[in-house]
Amino acid sequence: MDFAVELLITDSGIIFTGLVGTGVTKTLLFSKNLKIFVPEYLFDELKEHLSRIKLLSSLSPSEVDSLISKLKGHINIVEKSKFEAFLDEANSLISDPDDTEYLALSLALNKCPIWSNDPHFKEQSAVKVFTTKELVELLKAKKLF
């Protein structure tokens, strides 16, 4: 099956890395060649870890706030009601309950690939999962990066 890698579900680990880092993850998060979807609760997670993100980032607190605002405008935030019918199935496919919403969202979006460096996602085979390295390789092969 051929996957449209231009459409991706992105987990919180990728978002955190993009917010605190200066490398390829941040570049990809804001790429015009990717349409990124996240469950709405991701921003609740961000709020919980905001002080840590500001501490680890090389940015000022106001620059972090600005970056998060820019990110919200760039990615597609999906309400839980749009994928909650898939939560039980997703929960049965993956061992880490923290990953269930991302997998359920993927299933709701016709098995949209997931971008994550979390090894739990590789335990299941229902949905294609790309690590950052794999995504970069694929996008370079398609001349999108």
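Analyst: A residue is called buried under 20% relative accessible area, exposed over 50%, and partly exposed in between. The model discussed here is predicted.

User: Is Glu6 buried, exposed or partly exposed?

Analyst: The relative accessibility of Glu6 is 27%. Buried requires under 20% and exposed requires over 50%. Glu6 therefore counts as partly exposed.

User: Which residue forms a salt bridge with Glu6?

Analyst: The partner lies in the segment after helix 8, whereas Glu6 lies in the segment before strand 1, and the two are 136 residues apart. The closest N and O atoms of the pair are 3.9 Å apart, and the cut-off for a salt bridge is 4 Å.

User: What is the strand order of the open sheet?

Analyst: Strand 1 (residues 7–10) is joined to strand 2 (residues 35–39) by three bridges and to strand 4 (residues 114–115) by two bridges. Strand 2 also pairs with strand 3 over three bridges. Strand 3 (76–78) and strand 5 (129–130) are the edge strands, each pairing on one side only. The sheet has five strands with parallel pairing, in the order 3-2-1-4-5.

User: Which residue of strand 3 is the bridge partner of Val38?

Analyst: Strand 2 and strand 3 run parallel where they pair. Elsewhere in the sheet, Leu8 has Ile36 of strand 2 as its bridge partner, and Ile9 stands opposite Ile114 in strand 4. For Val38, the bridge partner in strand 3 is Ile77.

User: Why do the buried residues of helix 1 line one face of the helix, and what arc do they span?

Analyst: Helix 1 (residues 12–20) has as its buried residues Ser12, Ile14, Ile15, Gly18 and Leu19. An α-helix has 3.6 residues a turn, so residues three or four places apart point the same way. Seen down the axis of helix 1, the buried residues line one face because they fall within an arc of 160°.

User: How far from Asp99 is the nearest side chain of opposite charge?

Analyst: Asp99 is found in the loop between helix 6 (87–93) and helix 7 (100–108). Beyond its neighbours within four places in sequence, Asp99 is in contact with Ile94, Asp118, His120 and Phe121. Asp99 is buried yet has no salt bridge, and the nearest side chain of opposite charge, Lys122, is at a distance of 13 Å.

User: With which residue does Lys122 meet in a salt bridge?

Analyst: Lys122 is in the loop between strand 4 and strand 5, and its partner, twelve residues apart from it, is in helix 8. Lys122 is partly exposed, with a relative accessible area of 41%. The two side chains meet at 2.8 Å, N to O, and the partner is Glu134.

User: What is the relative accessibility of Leu135?

Analyst: Leu135 is found in helix 8 (residues 132–141). Leaving aside neighbours within four places in sequence, Leu135 is in contact with Leu8, Leu28, Leu34, Trp115 and Phe130. Leu135 counts as buried because its relative accessibility is 0%.

Note on methods
Residues numbered from 1 in each chain as written. Predicted model: local features only at pLDDT ≥ 70, side-chain atom pairs only at ≥ 80, totals over all residues. Heavy atoms only, no water. Pairing = 2+ DSSP bridges. Helix = DSSP H or I, 4+ residues; strand = E, 2+ residues; numbered from the N terminus. Buried < 20%, exposed > 50% of the residue type's maximum accessible area, 1.4 Å probe, protein only. Arc of directions from axis to C-beta. Lys, Arg positive; Asp, Glu negative; His and termini not counted. Contact = heavy atoms within 4.5 Å.
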